[in-house]
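Look at the structure below and follow the text from one part to the next. The paragraphs start inside one chain and end where two chains meet.

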Amino acid sequence: MPCEADEEEVRGVKVSREALLEVMEGESDLPPDDEMEGEKDLAQGNKMELSGLSLSYGGKKVLEDISMPIPARSITAVIGPSGCGKSSLLRCLNRMNELVDGARVEGKVYLDGEDVYAPGFDVVGLRRRVGMVFQKPNPFPKSVYENVAYGPRLYGVRQKKVLDRIVEESLRRAALWDEVKDKLGSSALALSGGQQQRLCIARVLAVQPEVILLDEPCSALDPISTQRIEDLLHELKEMYTIVIVTHNMQQAARVSDFTAFITIEEQGSPGRLVEFGETEEVFTNPRKKKTEDYITGRFG
Amino acid sequence: MTSQLCPGKMAGPAARSWAGGPVNPFKGQREAAIRWTLRICALISVVGLFLMVAFLLRESLPAWREAGFTNLFAADWNPGRGKYGILIFLVGTMAVSAGGLMLGAPLALATAIYLHAYARPAWRRVIGKGLEVLAGIPSIILGWLGFTTLVPLVRSLAGGTGMGILPASMVLAVMILPTVATIARDSLDAVPESFAEASFSMGATRWQTLRRVIIPTAWPGIAVAMILGLGRALGETMAVAMVIGPATAFPRNLTTPTHTLTTKIMLEMGESTGVHRSSLFAMALVLLALSTLLILLVRLLSRKAVQEFPGGVLTC
């Protein structure tokens, strides 16, 4: 279980935010193989890696032979014209494509060096380590509190005190606490769209993921809410590996450290990776003509 | 479609409905005649209902006046001696309906959940069609089958005549199964896919997602399904009459003959006069009140659901 009560009592309930973060980190129930050391290594390396990844739905190829790294503790943006399969790509990372009938994945997706598509790989554990925020805010029709407590409850946390702490900490990290602390018990659906999206981020943070996937998280939001989410992403990348799909190139340029550009040859052909690199490179000095065309707005 | 037929201004809330919409572009007597014909046809249901209630009230008046409220709601039924207590039948009606719901609803819910979340398309088709057919089976057939199979079974297990609340509940359970299952499934299906997605993406299993998100969200609709099932059980006559006994006595247990409001009315309507006849109308009125109460309950639940979840998961 992610949070043990006695641990919490030892450290006290009302401690500084940093201390809480530390507690939450330390209590993660990841495999115990030298976690701290591993994390340090990964800070310089790749958290995930795609190798020759192809995806088809009912025999129709959507993605073809995608190989790219996902560097740890940074933001990787996936950009490309609509219909190029960028959202599908994201869903390959936490095996959400499996929910679609007839979806077939070839190639490999590594998380900390382990192929997540290997037979016997624990999907539940994967989805817990690789959280997802969707295009349209989708809080459950429950209270603000219950939304954030959903994941921890799923993994068996029952003690009120522990849940309270996780909820508060997650909401703080999602920069939502101050706005909702007085209405934790009211319906999440009463929040504004931007607040709902941050609540969804808090809901993901509550299970202490390592990677957060965001599928056009701002496409349904107004500019101010978008700004807040982008600021939030900047803070979150200190602790998490983030992959964001966006159709908004300015957003990709603003928030991301790395950019992957995916496109299709023509309507109906599978999406391919054209270019992957540091965002500044990709945007100022693209290696491929296609990337340049897309970025300068000549197509897409 | 709408905009093609009504080329007027279709913007705003008026666009939703033709009636009360913007100025009718097809002025003229023909249109007016059609409008009025349709209006009268539509009004028949309301007028009919009004007349029905009025008639029941009028015909039951002698019973209320001469037998009186306390006599009518007493346990003693003996029209020959001026005893018109309908309590036995009221209890019988409630018992068989509740029993039918208790047996049928879990089965219906399980069916709905299976169809919603687990069934592969082929299974879904087969079971969906099965429910449709089951819903259309005339109640006399179910009653007859109950009489020829259930009653002997109950008799061999519990002794006595084998008639009573238990076999009646079993027949009613089969009868309300398609209603409850279909409506419950519709309300499960109406829960936005994005909720399930969010839950799955956090590592929840199918069952966890159902139990913690989908079923709670669909709950008002499921409750409505059960209430409508109860309503159907309440009014069922023929099938119940064939397996209930009948006997004008409180049931001593689940397998002794008794009566319900509907079966009593059916059996005595032809041979009653005066206050006796009027008391049958009083029973009908009570039955109507019961089912009206259920409909009010459905309304209440729907309103509550809309308040709690403006997205609208309720399908009826």
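In chain B, the interface of domain 1 and domain 2 holds one salt bridge, a term for a side-chain nitrogen of Lys or Arg within 4 Å of a carboxyl oxygen of Asp or Glu. B:R277 and B:E59 form a salt bridge, with 3.6 Å between their closest N and O atoms. This is a predicted model, in which local features need pLDDT of at least 70 and side-chain atom pairs count only at pLDDT 80 or more, while totals for chains, interfaces and linings use all residues. Residues are numbered from 1 along each chain as its sequence is written, chains are lettered from A and ligands numbered from 1 in the order in which they are written, and side-chain values use heavy atoms, with hydrogens and water left out.

Domain 1 of chain B covers 2–67 and domain 2 covers 87–308; such bounds come from an automatic or database domain assignment. The centres of the two domains, taken over C-alpha atoms, are 31 Å apart. In domain 1 of chain B, 12 residues are in contact with nine residues of domain 2 of chain B, where contact means heavy atoms within 4.5 Å. The area buried between these domains is about 860 Å², and carbon and sulfur atoms give 82% of it. Buried area is the accessible area (1.4 Å probe) that two parts lose on being put together, summed over both. On the side of domain 1 of chain B, B:L56, B:E59 and B:A63 lose the most area to domain 2, together 49% of what that side buries.

Chain B also has a cis peptide bond, from B:G245 to B:P246, with omega near -25 degrees. B:P246 is placed in the loop between α10 (238–244) and α11 (261–268) of chain B. Helices (H or I, at least four residues) and strands (E, at least two) are DSSP runs, numbered from the N terminus. In chain A, A:A175 has a positive phi, near 55 degrees, and is not a glycine. A:A175 lies in the loop between α7 (160–173) and α8 (177–180) of chain A. Most residues other than glycine have a negative phi, and most peptide bonds are trans.

Next comes the sheet of chain A. Six strands form an open, mixed sheet in the order β6-β7-β8-β3-β9-β10; two strands pair if DSSP finds at least two bridges between them. The edge strands of this sheet in chain A, β6 (130–133) and β10 (272–278), each pair on one side only. Four bridges join β6(A) to β7 (residues 211–215) of chain A, and these two strands run parallel. A:M132 has A:L213 in β7(A) as its bridge partner.

How many residues does each chain bring to the contact between chain B and chain A? Chain B gives 19 residues and chain A gives 25. The area buried between the chains is about 1700 Å², with 64% from carbon and sulfur atoms. In chain B, B:S201, B:M202 and B:R212 lose the most area to chain A, together 39% of what that side buries. One salt bridge is counted between the chains. A:R91 forms a salt bridge with B:E197, their closest N and O atoms being 2.8 Å apart. In chain B, α8 (193–201) and α9 (206–235) each supply at least two residues of the side that touches chain A. The most comes from α8(B), with seven residues.
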